[in-house]
There are 2 protein chains.
Amino acid sequence: MNYKFSARISTLQPSAIREILKATSSPDVIPLAAGNPAPEAFPIEEVRLISQSIFENRPVEALQYGVTEGYEPLRKRVLENVKSKGIGKNFDNILITSGAQQVMDLAVKVFCNEEDTIICETPSFIGSLNCFRSYRLKLRGVEVEADGINVDMLEKVLKEEPNVKIIYTIPNFQNPSGATMSLEKRQRLYSLAQKYNVMILEDNPYGDLRVEGEDLPTIKSMDTDGRVIYAGSFSKILAPGIRVGYAVADSTIIGKMTVGKQTSDVHTPIFNQMLVEEWMAKYDFESHIKKIQNIYRDKLNIMSDLLDSELSDIFTYVKPQGGLFVWCKLPDSVDMMDFCKTSAQNKVAIVPGTAFTVEPNEKSNHVRLNFSTPSNEKIVKGLKILSQVKKQFI
Amino acid sequence: MNYKFSARISTLQPSAIREILKATSSPDVIPLAAGNPAPEAFPIEEVRLISQSIFENRPVEALQYGVTEGYEPLRKRVLENVKSKGIGKNFDNILITSGAQQVMDLAVKVFCNEEDTIICETPSFIGSLNCFRSYRLKLRGVEVEADGINVDMLEKVLKEEPNVKIIYTIPNFQNPSGATMSLEKRQRLYSLAQKYNVMILEDNPYGDLRVEGEDLPTIKSMDTDGRVIYAGSFSKILAPGIRVGYAVADSTIIGKMTVGKQTSDVHTPIFNQMLVEEWMAKYDFESHIKKIQNIYRDKLNIMSDLLDSELSDIFTYVKPQGGLFVWCKLPDSVDMMDFCKTSAQNKVAIVPGTAFTVEPNEKSNHVRLNFSTPSNEKIVKGLKILSQVKKQFI
């Protein structure tokens, strides 16, 4: 039969990246396109022991239905942990989600009607952009500079647009640009949100992956009036396959998000939540973070050294202080899409910058390179291939 | 600050049942309100062994990101399994979801615009009804009779309502009524959906929990034109806490639902999917089902024997042929809400029938009793208490 799909889904395209990943998933392709954490960063032995202990000692709890808010001991532990970083005032509460992606979904579910506006950095994480599109929101892009969102442009859009409900931002090692928002811009962004009375959705999946420089305060830590919904994730510091994330926000908001989550997936799997809780309780969380920072520092350095020595005549980039990605600009003379296709033909998968733009027809001459997924050897091999590929373009 | 929430969430109330469960979660309350599977039905030892083997042999696969469609070996195995029951034509495909609840969410996400109509049995499962409400759909209820939905009334509504997109039904051991739809009504429902060109969302979480009588063909097995979205679940036959369900539908629909799922939670946790797959592969699925059918048959018989001997002067009911619930009607002279409150005060949690009605002001003089959660001893104790409580009402 001929199906008539909803308006929200008819215009939505599958994530270009996930499609690229599928197309280039064969083992002989060098994966500079994905955003997968390095497998060597997974605490495998710890996970094995914890899972054994859970199914030996508390199997029924792990397998039975739980409450939508999340596994209570995990909620407490995460809240303690973020409070030690200045996140979470007395009015705040926590919701455990099925990955941080669900925080974006629930935030717009509870705050936005169709046709409302959400301001996004452009470029930005396609998973979030598509989520907002799926609610039929109007997306307005504000460019990301080397030190974060262009705040003057942000104010201009806030002035122009009557129905802005949320500003969505990834302040640390932004995906895909790698940019980290300066302290001044964080403060200014918060003030602007106050002035124009809009919410802030702060997405911080990479915050712990700093490999250089000093941590900056989260916007949530400046939140005096319950305006910030903070999205955290265990995907990058523990493992993404377990799908455990969380939202920190004012209790009223968490209440509404809980109602929203109830109708989406009832609750996040209990075993997965117990696993995270026991891992945080039993192991040295901070030293694990240091360990993975070391892994990513090495990988980033390997990539950036080669970018400097082999590819500086075709790529311009600002070395990120953390995260998983390097955002490389091609000269105007180079056809970006063509470059990506030729790379793929040569068995190196990279993502075209247009995958991340807020406007569908927005131009981009960037490509995103990921350094977390490939082994160190594959990073070297991949960049050597790109330095061959480039010869066809310059 | 004063929040202005979206229209969809402002009108949505938290599930009355989940709230009752929270209020009556203390261990001295007898839980006849929940819908939890019996803990003794969980294959704990098998789950323990499988989880050990996964984290020993394939830890990286279990912890890394996966594709949105689901873990390929599980998709294949489930499709094989449902095909052996006549579900799934050549045009069909499968999507692994985060519990069956997500199938409802994705089905309306891809098919319904705000203000579209969905026809539901009334009473029906509150989790689904609230999900539909969260999409701002118009819900039209059609009464459930002892042999399933009233098909004449269904046709009347289909004639009246211009924008019906979906008929939502739980044909087997319906929640809360316990009713099983007759074969004739299944065929008639499918024909009506054809005649009025609407989709059918067939929710079958309890299908394997038949304790009496013969299996009837699913509506999906009659689906010649790709009109049925079938929702299956491992919650009741393996464990609900792992949150693994699935949709079987035409490939085009599964494609759209996959795009919808990408923006909701990226994918269902991989470990959880591997667990289900290995369990299906290694263990005798059919004999496990027989085992849990035996558990539930005993529980149902204990409950229904006591209903007959102790409570027949206050409860009228039709004994269900399976599932988890007995739907009991109180005499018109009894105030149903009052009865539920008095029961709760006497430490027996039951659910008022109004929790399941499609229209908010729809009357109900039923209560729902669950026999899967409490131990056999607690069923006896709970019903003895109810037989004391009743004295205040008749």
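**Notes on the two-chain model**

1. Let's start inside the sheet of chain B: Ile94(B) sits across from Val248(B), which belongs to β9(B). Helix α5 of chain B, residues 72–83, packs on this sheet and touches both β2 and β9 of chain B. The helix direction makes about 125° with that of β2(B). Bear in mind as you look around that this is a predicted model.

2. Now the strands themselves. β2(B) pairs with strand β9 (residues 245–250) of chain B in the antiparallel sense, over six bridges. As a reminder, strands of a sheet pair through backbone hydrogen bonds, in either a parallel or an antiparallel way. The sheet in chain B is open, has eight strands and shows mixed pairing. If you want to trace it on screen, follow the order β2-β9-β8-β7-β6-β3-β4-β5. The edges are held by β2 (92–97) and β5 (148–149) of chain B; each has a single partner strand, so one side of each is left without a neighbour in the sheet.

3. Strand β2 of chain A, residues 92–97, is mostly covered, with five of its six residues buried.

4. How do the two copies relate? A rotation of 180°, with 0.0 Å of shift along its axis, superposes chain A on chain B at an RMSD of 0.0 Å. The two copies are therefore related as by a two-fold rotation axis. To find that axis from chain A, go to Gln52(A): of the residues of that chain, its C-alpha comes closest, at 3.2 Å. The copies meet through the same surface, because 100% of the interface residues of chain A are also interface residues in chain B.

5. Ser6(B) is worth a zoom. This serine is found in the segment before α1 (7–10) of chain B, and at 0% relative accessibility Ser6(B) counts as buried. What does its side chain reach? The side chain of Ser6(B) reaches the backbone oxygen of Lys109(A), at 2.7 Å. Setting aside neighbours within four places in sequence, Ser6(B) is in contact with Lys109(A), Val110(A), Phe111(A), Cys112(A) and Asn113(A).

6. On to the rings. Searching the whole structure gives 23 aromatic pairs over all chains. One of these is Phe5(A) with Phe111(B): the ring centres are 5.1 Å apart and the planes lie at 35°, so the pair counts as tilted. The pair crosses between chains, going from Phe5(A), in the segment before α1 (7–10) of chain A, to Phe111(B), in helix α6 (residues 101–111) of chain B. Phe5(A) counts as buried at 14% relative accessibility, and Phe111(B) counts as buried at 3%.

7. Another pair to check is Phe111(A) with Tyr3(B), whose ring centres are 6.0 Å apart with planes at 70°, so this pair is edge-to-face. Phe111(A) lies in helix α6 (residues 101–111) of chain A and Tyr3(B) in the segment before α1 of chain B, so the pair joins two chains. Phe111(A) is buried, with a relative accessible area of 3%, and Tyr3(B) counts as buried at 17% relative accessibility.

Key. Residues are numbered from 1 along each chain as its sequence is written. Chains are lettered from A and ligands numbered from 1 in the order in which they are written. This is a predicted model: local features need pLDDT of at least 70, side-chain atom pairs count only at pLDDT 80 or more; totals for chains, interfaces and linings use all residues. Side-chain values use heavy atoms; hydrogens and water are left out. Buried means under 20% relative accessible area, exposed over 50%, partly exposed in between (1.4 Å probe, protein chains only). Helices (H or I, at least four residues) and strands (E, at least two) are DSSP runs, numbered from the N terminus. A polar contact is a pair of N or O atoms within 3.5 Å; within protein, one must be able to donate a hydrogen and the other to accept it, and residues adjacent in sequence count only if both atoms are side-chain atoms. Contact means heavy atoms within 4.5 Å. Rings of Phe, Tyr and Trp (its six-membered ring) pair if their centres lie within 6.5 Å; planes under 30 degrees apart count as stacked, over 60 as edge-to-face and the rest as tilted. Two strands pair if DSSP finds at least two bridges between them. Axes are lines fitted to C-alpha atoms, for helices over the stretch in contact, and angles run from 0 to 180 degrees between N-to-C directions. Copies are superposed by least squares on the C-alpha atoms of residues with pLDDT of at least 70 in both.
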